[in-house]
Each structure stands twice: as structure tokens, then as C-alpha cells.
Amino acid sequence: MSITITWHGHGTFSLNIGGTAVVVDPFFAGNNPAAKTKADDVSADFILQTHGHGDHIADTVPLAKRTGATVIANFEICSWIAAKGHEKTHGMNTGGGWNFPFGRVKMTPALHSSGLPDGAYGGDPGGFVLTAESKHIYIAGDTALFSDMALIGKIGLDVAILPIGDNFTMGPGDALEAVKLLKPKVVIPCHYNTWPLIAVDAPAWAKLVAAETAVTPVVLGVDETYTV
Ligand code: NI
Ligand code: MN
């Protein structure tokens, strides 16, 4: 069985895992200047929320309400979403994992912040290791480089999804170091080119990854899909 990973621009992805639709950090057209797809046109059974910033959560509540999806996030974000009228959430915290019907989700640390759009406390930011269909996929979320990425990589990652945009997260240089620590089979860059502030030449970065590591870089266009 395979997993499809579709990039919608910025940090937003939708995965199809054996027929289950899992959306990561909903930020779609109308809010996300890089996106082509509207939240209204997306199906979701589960939503993975890395942190509370608007460029990751802008479409979460409406998408969750329309689809009835379960939102998986840290406890504080789940409480905030429940207060907005969507109680189907699953609260977790850093280092914890849970076996969902589609696979196992473990929450990883991220070096970032996590305030919610209305100023509410959003707990700690995170990432996820998703294990399903005998594959391990690391979704870093917004983060700086940290050396414990080497520990995350020990599981044997099939795919790592990393921010490369600089300014708010790792830039291309630190993301290259992250690839060397994580040692995935494939790396997919994200969180770049949404605005001029995070403009990055992703094909040039991919060439560096290919030259300096044994990892295969996959640069997706918006709404393009990679199958693992
Ligand atoms: Ni952020
Ligand atoms: Mn962000």
C-alpha cells in the first residue's frame, strides 16, 4: 500500500493513507497566497496541526466543522478549537504517540513558537512522525535546526518534510544540515516562496542535497503529489 502526499503551498499538505484523508496545517487559497486549492474543496478525516500560527491554522476550524474531521494537535490548541465549536479533537504533547485508525502519530519537538491568531496561548510547537502502511514520514513543522533530529531519524525515515524558507524557520543551509541528521530516503521542502520574505531557489537547494547526501530531494509544485 502507498501513501500519497500532496503539497498545497507553504506548510499545507494532504495525505491519502489507505483511503483516509489526513490534512496537515490547513492554510488554503483565500488565505494562503501560494495555494490554488480552496479549503471548501478538500476532504479531511483527520487534521494534523503542528502549531497555532495563522499561516498553519487559518482554515482548520472551518475545514474541521465542514468535514467532521478529528483535529490532532497539542492540548492547548485542541482546547482552543473546541471553544470555537468543534469538539472532535485529540490532544497530545511533545514526545507522545497514539495509534489512530490510519496509523501511529508521534509528536516531536520543534524550535519555534505557537501563539494562536487571537493571542491565546498555543502551547509548544511541534512536528509529527507518522507511521502508516509500513512507512515513516516526518513532518517537521516550523522549526529551527536542532541536533536531536538525529534521534528522530533513527526510526528510518522514508520521507522528511522540512521548512527551508529562512527568516521564520530553518533556511536552506540549516535544512541541508537537518537532512544530514535525519537521513531520510526522500526530502520534500516546504514553507518557502509564499511571500518574498521566504523566497528560496528550491531547485538549487535540491542540487546541494543531491550532491552532499544520499537523500533524494523531491521539489513539488503546488498541488503536485508524491507517492511513497
Ligand atoms: Ni509558525
Ligand atoms: Mn509558518
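Modeller: Let us begin with accessibility. A residue is buried under 20% relative accessible area, exposed over 50%, and partly exposed in between. Please bear in mind that this is a predicted model.

Colleague: Why is D166 called partly exposed?

Modeller: D166 has a relative accessible area of 42%. D166 is found in the loop between β11 and α5, and its phi is near 70°, a positive value in a residue other than glycine.

Colleague: What makes S134 count as exposed?

Modeller: The relative accessibility of S134 is 72%. Exposed requires a value over 50%, and S134 therefore counts as exposed. S134 sits in the loop between β9 (126-132) and β10. S134 is not a glycine, yet its phi is positive, at about 65°.

Colleague: Which residues are called donors of the manganese ion (ligand 2), and on what grounds?

Modeller: They are D55 (OD), H56 (NE2), D142 (OD) and H191 (NE2), at 2.1 to 2.2 Å. A donor here is an N, O or S atom within 2.8 Å of the metal, so these atoms qualify. Along the chain, the donors follow the spacing D-H-x85-D-x48-H.

Colleague: What makes D142 a bridging residue?

Modeller: D142 bridges the manganese ion (ligand 2) and the nickel ion (ligand 1), and the two ions lie 3.2 Å apart. D142 is in the loop between β10 (135-139) and α4 (149-153), whereas H191 is in the loop between β12 (186-190) and α6 (202-212). The pair, 49 residues apart, links distant parts of the chain.

Colleague: Are D142 and H191 buried or exposed, and how do you know?

Modeller: D142 has a relative accessibility of 3%, and H191 has a relative accessible area of 1%. Buried means under 20%, so D142 is buried, and H191 is buried as well.

Colleague: How do you know that β10 and β11 pair?

Modeller: Pairing requires at least two bridges. Three bridges join β10 to β11 (residues 159-163), and these strands run parallel. The bridge partner of I137 in β11 is V159.

Colleague: Why are β7 and β13 said to stand at the edges of their sheet?

Modeller: The open sheet has seven strands in the order β7-β8-β9-β10-β11-β12-β13, with mixed pairing. β7 (97-100) and β13 (216-217) each have a single partner strand, so one side of each is left without a neighbour in the sheet.

Methods. Residues numbered from 1 in each chain as written. Chains lettered and ligands numbered in written order. Predicted model: local features only at pLDDT ≥ 70, side-chain atom pairs only at ≥ 80, totals over all residues. Heavy atoms only, no water. Helix = DSSP H or I, 4+ residues; strand = E, 2+ residues; numbered from the N terminus. Buried < 20%, exposed > 50% of the residue type's maximum accessible area, 1.4 Å probe, protein only.
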